[in-house]
Amino acid sequence: MTIYDFLNLISIALSNVTFILATFIILLVASCFLGHYVVITKKMIIATCGTILFTILVHVAVAIVMYKMDPALMTANELSELSEDTIKAINTLNSISSSVLNIGVFIYAFIIYLFAFKEKRIRRSLESIIILWLYYGYINNMVLNTIIYIMGGDYMKYTSFLVGLQEEDYKFNTALLTIYIGICFVLTVFVILLLYFGYYKKERFYVLSIKSRIFFVVWLCSFYIVPSIPFREDLSESHELLCRVFGVIIPILGFIAPSLLVLTAAEKSLKEKNEYQETYLTAELEYIEQYKRSQTETRAFRHDIINNLSLTSMMLEEGRIEEAGDHLKSLLGNVRSLSPTYITGDEMLDCIVAMKADKMKEMEISFALDGVIDGGLNLKPMDVCSIFANALDNAIEASSKSQTEDSSDSAWIKMDIKRTEKFFVIKIANSAAKQVDVEKLFMSAGYTSKKDKEHHGFGLRNIRKAVEDYDGLVKAESDESSFALSIMIPRK
């Protein structure tokens, strides 16, 4: 085996690894930028290595067929030693094996996608296969045209490289092929590291707009269409022009432009969601401030009770018993109306519960509170609002939906507060129309049952993140008619 044969083997191995990495790039994009529910397991990663095994089997099969076709192939050193018919048969066999490999690896990737996606599997898998095919061709065209441009846009070298390895150019084309596949591999590794460590691992999930998705697909498609356009009547001049133009533009736009598009769209999406959340929380806190002001007025009124009681006592001393009784009844009524209905032990949580209880009353949802937090939660007011306003809003939505879909059952929400040695456990249970996929609820990027998918579906993710910032835990349970969210906050 010569060094060039060894380079061929390296090229085959790198090509397979590049395809495997590209397969996962599509999954990461689907999870981080499209809001799809994707699960990547260790078994799945190991299973993708089957692509390499499939490639090896095809090459072994080709070698066996070639040997049976002409045993002299195993000992021939030069193509000139073979007959013209044998060379044609070899080229035909190589074309067939190449087609089988291309179709086979994409079918294999489709099967991987079927296991990775947890909703609309066939549709998502077909979409991913199309994007994988476009992406793979995009990278290949980008690198190939750039290399040819660096070589001076030589049409003959371009044709020789694309059509096949000719005997006189074997060494040159083998080295060129290795460089070409090596660059594709490096670019693919860079992209997957960027997606995994920059977005997936940090749980930075966004949902790109439909316009951005269409633009990106059109951009990818253009790299299949443009190279086939005859810019000049002379194919040689056309390819030279194509290589020169693409050689300059591709390194600048071919990789940077889509990256900027994704980053810009992602940042815009994040900004919109942050603005929505900020607006929501600001409104919640404003309402809470108003509620707290009313509580201040209540406390001021309580301070006047002594004066009112003194007045009542004076009436009794003067024998104005009936008038004193009426005054006392009026006073007791005012005190009862100003007393808080729900007490949790945490001032901010009291405000939120009172606010949401009013909303439940308007929607005819029964609400019950049991338990008290001794000494408060010791959380930042914004975090208390983010956690429990979101949790109660989700419960209200789910219970109201159950009331609409199944009128035979009344809608209800129950909030239980318990204390363990290390945690406060606040459990918010509600009626539900059907059982909820708890795993999907927490793992999906932007999963929601609401129509407004741009702004909803991030509530539970925010709850979990806020709770985990305090070393707390969030757990969910669901059955046919109810859903329960348990929030465990460490006691300080």
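In the predicted model, strands β4 and β5 pair in the antiparallel sense over six bridges. Strands here are DSSP runs of type E with at least two residues, helices are runs of H or I with at least four residues, and both are numbered from the N terminus. Two strands are taken to pair if DSSP finds at least two bridges between them. V474 has I487 in β5 as its bridge partner, and a hairpin of three residues joins β4 to β5.

This pairing belongs to an open sheet of five strands, in the order β1-β2-β3-β5-β4, with mixed pairing. Strands β1 (366–370) and β4 (473–478) lie at the edges, each pairing on one side only. On average, neighbouring strands of the sheet are turned by 10° against each other, with direction ignored; axes are lines fitted to C-alpha atoms, for helices over the stretch in contact, and angles between N-to-C directions run from 0 to 180 degrees. Strands of a sheet pair through backbone hydrogen bonds, either parallel or antiparallel. The parallel case is seen where five bridges join β1 to β2 (residues 412–419), and D370 stands opposite D416 in β2. The antiparallel case is seen where nine bridges join β3 (residues 423–431) to β5, with V425 opposite M488 in β5.

Strand β5 (residues 482–490) is mostly covered, nine of its nine residues being buried. Buried means under 20% relative accessible area, exposed means over 50%, and partly exposed lies in between (1.4 Å probe, protein chains only). In a regular strand the side chains alternate between the two faces of the sheet. In β5, S482, A484, S486, M488 and P490 point one way, while F483, L485, I487 and I489 point the other way, and all are buried.

Elsewhere in the chain, T23 is placed in helix α1 (residues 3–33). T23 counts as buried because its relative accessibility is 4%. Leaving aside residues up to four places away in sequence, T23 touches A109, Y113 and L132, where contact means heavy atoms within 4.5 Å.

The mean pLDDT of the chain is 76, and 68% of its residues reach 70 or more; pLDDT is the predictor's confidence in each residue, from 0 to 100. Over residues 444–457 the pLDDT is below 50, and this stretch has 29 contacts in the model beyond near neighbours in sequence.

Residues are numbered from 1 along each chain as its sequence is written, and side-chain values use heavy atoms, with hydrogens and water left out. Because the model is predicted, local features need pLDDT of at least 70 and side-chain atom pairs count only at pLDDT 80 or more, whereas totals for chains, interfaces and linings use all residues.
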